[in-house]
Amino acid sequence: MKGFVWLVGAGPGDPDLLTRKAARVIEEAELVLYDALVSNETLDLARRAQRFSVGKRAGKKSVDQETIHALMIRAARRGKRVVRLKGGDPFVFGRGGEEGLALARAGVPFEVVPGVSSAVAAPALAGIPLTHRGVASAFVVVSGHDPAAYRPVLGGMAPASATVVALMGLAGRRGLAAFLIDRGWSAATPAAVVLGASREEARVWTGTLADLPDALASPPIDDLPGTIVVGEVVSLAGVLGQMPFVHARPVAARAAVRFGAQ
Ligand SMILES: C[S@@+](CC[C@H](N)C(=O)[O-])C[C@H]1O[C@@H](n2cnc3c(N)ncnc32)[C@H](O)[C@@H]1O
């Protein structure tokens, strides 16, 4: 077979949440270039492949984007089956689009293998339905890392008109909470931080928008990736969730009554 690149989404971490196609192409790969959030259990499936970490790790420099493009293109031109493996879905805050464009420009055949994005997996695993009849009928996903990117989106919404999911938002949670409250969201709106969803260490913090800045101040956040969810639907975590809580405001108990789950 001629060289080929698969841009593969690895889901939130647990290999059981890979698609069947993702698992198959990983098992058959000869070269795997993976990001920091790809779990060891998932990498273990790449038994035949040379594996290289190209993602950002705390305190270390990541491989730059141009180098990643060059590595994929060179290996494919040498006839290799290349898997570019990313956490979640490759086209959700994953630079998968840029990599696809680089491959297309170079005339390298490639395919995207979608993954379960942490934007939906983390809330679901914590028992938070992003939409729930009578409570929320829309959700928006933003990068919490860059206020300039989320402000026009969230600032244009009526307060509490949709569930807000913020990826890459842990460090900026104070600014996000302040912005929403300033835009008219109630400070008592339920909020959650879902950490390490689908991993053994997974846990969830729930509280209110007002508490969010101090969420997880103690114990520390460690190295786990975290997804922030803001909206009434967070109240359901106490009823629908199986994930251990590091902190749960009484809001969870109230919700059980309000949503008729008792
Ligand atoms: C660079 S973005 C990549 C998103 C990825 N492409 C996706 O679709 O999930 C990384 C962010 O995803 C979220 N994330 C990734 N894995 C997670 C997990 N297992 N639990 C909670 N959040 C996670 C965190 O917000 C993290 O900062």
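The buried residues of helix H1 pack against strand E1 (4-9), helix H2 (40-43), strand E4 (81-86) and strand E5 (110-113), where contact means heavy atoms within 4.5 Å. Helix H1 spans residues 20-28, and Ala22, Ala23, Val25 and Ile26 are buried in this helix. Buried denotes a relative accessible area under 20%, exposed over 50%, and partly exposed in between (1.4 Å probe, protein chains only). Helices (H or I, at least four residues) and strands (E, at least two) are DSSP runs numbered from the N terminus. The model is predicted, with local features requiring pLDDT of at least 70 and side-chain atom pairs counting only at pLDDT 80 or more, while totals for chains, interfaces and linings use all residues. Residues are numbered from 1 along each chain as its sequence is written, and side-chain values use heavy atoms, with hydrogens and water left out.

The ligand is surrounded by 18 residues, the closest being Val92, Ser117, Ser118, Gly226 and Thr227; a residue is near a molecule or strand if one of its heavy atoms lies within 4 Å of it. By class, this shell has 10 nonpolar, 7 polar and 1 charged residues. Here Ala, Val, Leu, Ile, Met, Phe, Trp, Tyr, Cys and Pro count as nonpolar, Asp, Glu, Lys and Arg as charged, and the others, Gly among them, as polar. A polar contact is a pair of N or O atoms within 3.5 Å; within protein, one atom must be able to donate a hydrogen and the other to accept it, and residues adjacent in sequence count only if both atoms are side-chain atoms. A nitrogen atom of the ligand lies 3.0 Å from a backbone N or O atom of Pro12. The side chain of Ser117 has an N or O atom 2.8 Å from an oxygen atom of the ligand, and the side chain of Thr227 has an N or O atom 2.8 Å from a nitrogen atom of the ligand. On its own the ligand has 580 Å² of accessible area, of which the protein covers 87%; accessible areas come from the Shrake-Rupley method with a 1.4 Å probe, and for residues only the protein chains shown count as cover. Helix H5 (118-125) and strand E10 (226-230) are the elements that give two or more residues to the shell.

Ser143 is in strand E6 (residues 139-143) and is buried, with a relative accessible area of 11%. A polar atom of the Ser143 side chain lies 3.2 Å from the backbone nitrogen of His145. Leaving aside neighbours within four places in sequence, Ser143 is in contact with Phe93, Tyr150, Leu167 and Met168. Phe93 is partly exposed at 44% relative accessibility.

The structure holds 2 aromatic pairs. Rings of Phe, Tyr and Trp (its six-membered ring) pair if their centres lie within 6.5 Å; planes under 30 degrees apart count as stacked, over 60 as edge-to-face and the rest as tilted. Phe4 and Trp6 form a tilted pair, 4.6 Å centre to centre with 45° between the planes. Phe4 is buried at 16% relative accessibility, and Trp6 is buried at 7%. The ring centres of Tyr150 and Phe179 are 5.9 Å apart with the planes at 65°, so this pair is edge-to-face. Tyr150 in helix H6 (residues 147-155) and Phe179 in helix H7 (residues 173-182) are 29 residues apart, and the pair links distant parts of the chain.
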